Amino acid sequence: MASYFKGVEFLREVKRQGCRVVLVTKEKFRHEDWPFESLDELIPLPNDATPELFIYTVAQLARPRKLHTVVALEELDVLTAALIREHLRLPGMGSTTARHFRDKLAMRIEAQQAGVRVPDFVHVLNYQDLEDYMKRVPPPWVMKPRSDVSAIGIKKLYDSEQVWRTIDYLDARDRLSERSSNYVLERFVAGDVYHVDSLVENGEVVFAGVNRYGRPPMSVAHDGGVFTTQTLPYDSPERAALLDINRKLITGLRMRRGATHAEFIKSAEDGEFYFLEIASRVGGAYIAEALEAASGVNIWAEWAKIELGRGEVPYVLPPTRQEYGGVALSLARQEYPDTSSFTDPEIVYRVKKRYHVGLVVRSDRHERVTELLRDYTARFERDYCAVVPPLERPE
């Protein structure tokens, strides 16, 4: 399942492994550059398709054939895929565990119980709890939708009056699912943001790449500019600490197998790492390509092997390397930007997406990746960058 254009290498790998592959997506994505040679069937659903329609459609697919597994390639499909597994009694993550990776309130509670440090938070529900929280935790705070992706719908608030007015605004919305009980209020923590991208088999992290964003994703989403991320030095204390926290988090959230993308912030105030969020899918924004550049591991393809083995066939990670990868990415004013003027031999991938400009690089030196991303950021800002207002809700 893919409600966005994602997971091409996953689809190719499961076909290479001899599977019959059926992709269920939405009408507006049916003509994307899917690997049609690896698909036995593509089923487009209406753009406003509900989880119930996804469940019904997959149930009909299961009548003439036996389904082996259902996989959500996109974050917005994680819970729906879990409901389908439960409906058809297929193995894999159920809806309770899936909510740990889709519901920002649930994942914070579970992470805290697992001993992972989390910014002070409160469910936007009980008035007294909110009043007590705002007296105890100094502003600014961030109001986050519990189940939206990226930085969609996030608001930074500076006093209690703003909080109450935001609650009034949300509770006036027509859709019940967009009202305030579907939000969490959290202490804003300033600092550098890191991400750990993992493969998990039988509850164990079998591969993890550790990167640092150039600017926090929320800052890029709200203010525009160039998104960058790059591999952390392999001997850095930050990398060792994040690997340990990430393992503890995945164990606490009871992930059995699959791919995860977790984000953490290193507080500028106290130097500690705080958990921000985790998803049970491959990181977006060409993070997979940067990980492959650094390690040689295609996280999409390896996730496919893990899904098909389902713990019955021992998973073996392919040989890895310890080099450095990075990506610079931005919205562009041009429909298909020309990047031919970028000629550095370290470039391993050029983004080919409408109104986007992006490059992925690889080097055996961390400093060289840093230098390239700094240069590309300046050139993107000068020659390509476009800025659009952040989304209030997914399109």
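The legends below describe close-up views of a predicted model.

Residues are numbered from 1 along each chain as its sequence is written, and side-chain values use heavy atoms, leaving out hydrogens and water. Because the model is predicted, local features need pLDDT of at least 70 and side-chain atom pairs count only at pLDDT 80 or more, while totals for chains, interfaces and linings use all residues.

**View 1. Salt bridge between Arg 108 and Glu 186.**
The two side chains meet at 2.4 Å, N to O. A salt bridge here is a side-chain nitrogen of Lys or Arg within 4 Å of a carboxyl oxygen of Asp or Glu. Arg 108 belongs to helix α5 (residues 104-113) and Glu 186 to strand β6 (residues 183-187), so the pair ties together parts that are 78 residues apart in sequence. Helices (H or I, at least four residues) and strands (E, at least two) are DSSP runs, numbered from the N terminus. Arg 108 is buried at 0% relative accessibility. Glu 186 is also buried, at 1%. Buried means under 20% relative accessible area, exposed over 50%, and partly exposed in between (1.4 Å probe, protein chains only).

**View 2. Other salt bridges of the structure.**
The search of the whole structure finds 29 salt bridges. One of them joins Glu 27 and Arg 30 at 3.3 Å, N to O. Glu 27 is partly exposed at 34% relative accessibility, and Arg 30 is partly exposed at 31%. Glu 178 forms a salt bridge with Arg 173, with the closest N and O atoms 3.7 Å apart. Here Glu 178 is buried, at 10% relative accessible area. Arg 173 is buried at 9%. Elsewhere, shared partners link Asp 344, Glu 346, Arg 368 and Glu 371 into one salt-bridge network.

Two strands pair if DSSP finds at least two bridges between them. Strand β4 (residues 141-145) pairs with β6 over five bridges, in the antiparallel sense. Lys 144 has Val 184 of β6 as its bridge partner.

Among the buried residues are Trp 300, Trp 303 and Ile 306. The buried residues of α11 pack against α1 (8-16), β7 (191-201), β8 (204-213), β10 (258-267) and α10 (287-295). Contact means heavy atoms within 4.5 Å. At the helix start, a side-chain oxygen of Asn 298 reaches to within 3.1 Å of the backbone nitrogen of Trp 300. Just after α11, Arg 310 has a positive phi of about 45 degrees.

**View 3. His 356 in strand β14 (residues 356-363).**
His 356 is buried at 17% relative accessibility. Leaving aside neighbours within four places in sequence, His 356 contacts Leu 329, Ser 330, Leu 331, Ala 332, Pro 337 and Val 351. Its side chain reaches the backbone oxygen of Arg 354 at 2.8 Å.

Note on methods. A polar contact is a pair of N or O atoms within 3.5 Å; within protein, one must be able to donate a hydrogen and the other to accept it, and residues adjacent in sequence count only if both atoms are side-chain atoms.
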